[in-house]
Amino acid sequence: MSGQRQLSEREQLAGAAGVSVTVTPRLSASWQRSEAYGVSLDAVEPVFAGNVDDGSLFYECGQEVLRGLHGTLANEPVSLMLTDSRGLVLSRLCGESSLVRALDRVHLAPGFAFSEREAGTNGLGLALADRAPSLVRADEHYCTGLWGYTCAAVPVLDPVSGHLVGSVNLTTWSKEHDALLLALAQTAAGNTAALMLARARGSVPRPVPRGEVFRVVNARTDDGGPAEPVLSEGWTTALAEVEAALAEDLVVGVVGEPGTGKTALLAAAHRRVRPQYRVLTARPPEPRDADSWLSLWTPELGKDNTSVIVGRVDSLPSWAATELGRMFVEVGSHAPEGALRRPFAVTAEDFPGIPAPLSALVDTLVELPALRHRPDDVLTLAHFFGHQVRGRGIRFTPAASRALTTYHWPGNVRQLKEVVREAAARADVIDARHLAADVFSGAARRLSRIETLERDEIVRCLTEPGVTVTQAAAALGMSRATIYRKISQYGITVRGRG
């Protein structure tokens, strides 16, 4: 990280003791966070959180992977651990009793919290904070009580949702050879995520973040394209709050479930309040690409008539959030007369997820309700998205309209857009049979690939014009009782079938 900064107490201690630690930007930022949290330099103070969640898919898959790895390292002084996303130690496997006793003394044991906030800079804490593989050796730890250990940790993301679910942590004595420690942790984390996907019952992996940066343009109104849709009170209330904040040159944070349209809300408000401004929206990349991502677009911050929307800041590595916060403060303090002093806004799922260096700068927080709480917006948005695809207005049959408005939309507006775009690419008049099978299913659990295929075929038959349940059963080679049982099993809600 660039710029002048204050040396942390930990850096001063290392210098005074003559400790030859290469203080990388990540390590320095972690030491400074540890100091800000009030972590002791001398000893780890125990934070016991009690029972751990051993019923999650992450725990199940992670334990299976670590047990296999432990079998190959039975004679090695290495402790293999799983932690949750907050740094709570969920499990620990270790065959060397002396290492187990030593780890117990520093409270690196199941049920204890060991994030940076509790234990200062350490492997698993740094991996969770920066969402990146981390190796912390001996005296690189913030707390001197941990100098006898070397820790390698790798974060694990849910392969379907992309959410941080925890980490794999390998710890050994500091005097041991650590060249392969991080590689083993990375392999174990990768295998855990792969096993989670394999057991996710037909789900597909999330798209890999690419760190997109693009310009928001005004909605088309004079060339035959769709204008901004007129939406319900849930949207308009949030929009009015954002507009009021932008008019006062305040930093806005918009929170809500993934896919609700948080960036679209901020873009719409900018078009109304700052129509002459260039608005850039930046979406975080994979943590390893954060440095180049920052260098790509942050020079735009200092330009005239430019405002930036940084989306999903809750997925930013801690060091990147710290650097971004510093840049925002610097740009604001040097803004010329008449220019924006707060030229940015952020989005996240909730306020606690916004990294501290950015949440400290947020002046106004606005929550955007999920689409299921804005049912009046479903058909309006469906027509809007359909117009975008076809270049002209499209129609929905009563059956399709009923299906769209009764579905609960767990993926929110993003999911609705995908469903409508796929259907509009097939027809100008969209009927129930053109809609994705998910819209007709309320299954309470994830389906296997075979179950998904079976459900989709049942929905396809039931959405054919004029087809009854009895006829669909015959076409599928099922009895009437079987198809009714399957309809109930998959939560299929195709109405008007007898």
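Predicted model: local features only at pLDDT ≥ 70, side-chain atom pairs only at ≥ 80, totals over all residues.

User: How many helices and strands does the chain have, and what part of the contacts with a separation of 6 or more comes from residues 24 or more positions apart?

Analyst: The chain has 18 helices and 13 strands. Among contacts with a separation of 6 or more, the part from residues 24 or more positions apart is 71%.

User: In what order do the five strands of the open sheet lie?

Analyst: The pairing in this open sheet is antiparallel. Strand 2 (89-93) and strand 3 (134-137) pair on one side only, which makes them the edge strands. Neighbouring strands are turned by 20° against each other on average, direction ignored. The order of the five strands is 2-1-5-4-3.

User: Which residue in strand 5 stands opposite Ala152?

Analyst: Ala152 is also the bridge partner, in strand 4, of Leu135. Strand 3 and strand 4 are joined by four bridges and run antiparallel. On the strand 5 side, seven bridges join strand 1 to strand 5, and Leu80 stands opposite a strand 5 residue, Leu170. The strand 5 residue opposite Ala152 is likewise Leu170.

User: Is strand 5 largely enclosed or open, and how many of its ten residues are buried?

Analyst: Helix 3 (residues 57-72) lies across strand 5, along with strand 1, strand 2 and strand 4. Helix 7 (residues 181-198) also lies across strand 5, along with strand 1, strand 3 and strand 4. Strand 5 is largely enclosed by the rest of the structure, because the number of its ten residues that are buried is ten.

User: At about what angle does helix 7 run to strand 4?

Analyst: Helix 3 runs at about 175° to strand 1 (78-84). For helix 7, the angle is given to strand 4, and the value is about 25°.

User: How much space lies in the largest cavity, and which residues line it?

Analyst: The structure holds one cavity of 30 Å³ or more. About 40 Å³ of space lies in the largest cavity. By class, its lining has seven nonpolar, one polar and no charged residues. The lining residues are Leu103, Val106, Leu108, Phe114, His141, Leu146, Tyr149 and Cys151.

User: What is the relative accessible area of Trp409?

Analyst: Trp409 is found in the loop between helix 14 (398-406) and helix 15 (412-424). Its phi is positive, about 50°, although Trp409 is not a glycine. Trp409 is buried, because its relative accessible area is 1%.

User: Where is Asn412 placed, and what is its relative accessible area?

Analyst: The place of Asn412 is in helix 15. Phi of Asn412 is near 60°, again a positive value in a residue other than glycine. Asn412 counts as buried, because its relative accessible area is 0%.

User: Is Ser318 buried or exposed, and which residues does Ser318 touch, not counting those up to four places away in sequence?

Analyst: Ser318 is found in helix 11 (residues 318-333). The cut-off for buried is under 20% relative accessible area. Ser318 has 19%, so Ser318 is buried. Not counting residues up to four places away in sequence, Ser318 touches Arg33, Ala129 and Asp130.

User: How far apart in space are Glu243 and Arg271, C-alpha to C-alpha?

Analyst: Glu243 is found in helix 8 (residues 233-247). Leaving out residues up to four places away in sequence, Glu243 touches Ala269, Arg272 and Val273. Glu243 and Arg271 are 28 residues apart in sequence, and their C-alpha to C-alpha distance is 9.6 Å.

Technical notes
Residues numbered from 1 in each chain as written. Heavy atoms only, no water. Pairing = 2+ DSSP bridges. Helix = DSSP H or I, 4+ residues; strand = E, 2+ residues; numbered from the N terminus. Axes fitted to C-alpha atoms, helices over the stretch in contact; angles between N-to-C directions. Contact = heavy atoms within 4.5 Å. Buried < 20%, exposed > 50% of the residue type's maximum accessible area, 1.4 Å probe, protein only. 1 Å grid on protein atoms, 1.4 Å probe; cavity = no way out; pocket = protein on both sides within 12 Å on 5 of 7 lines; lining within 4 Å. Points joined across faces, edges and corners; volume = space filled by probe spheres on them. Nonpolar A, V, L, I, M, F, W, Y, C, P; charged D, E, K, R; others polar.
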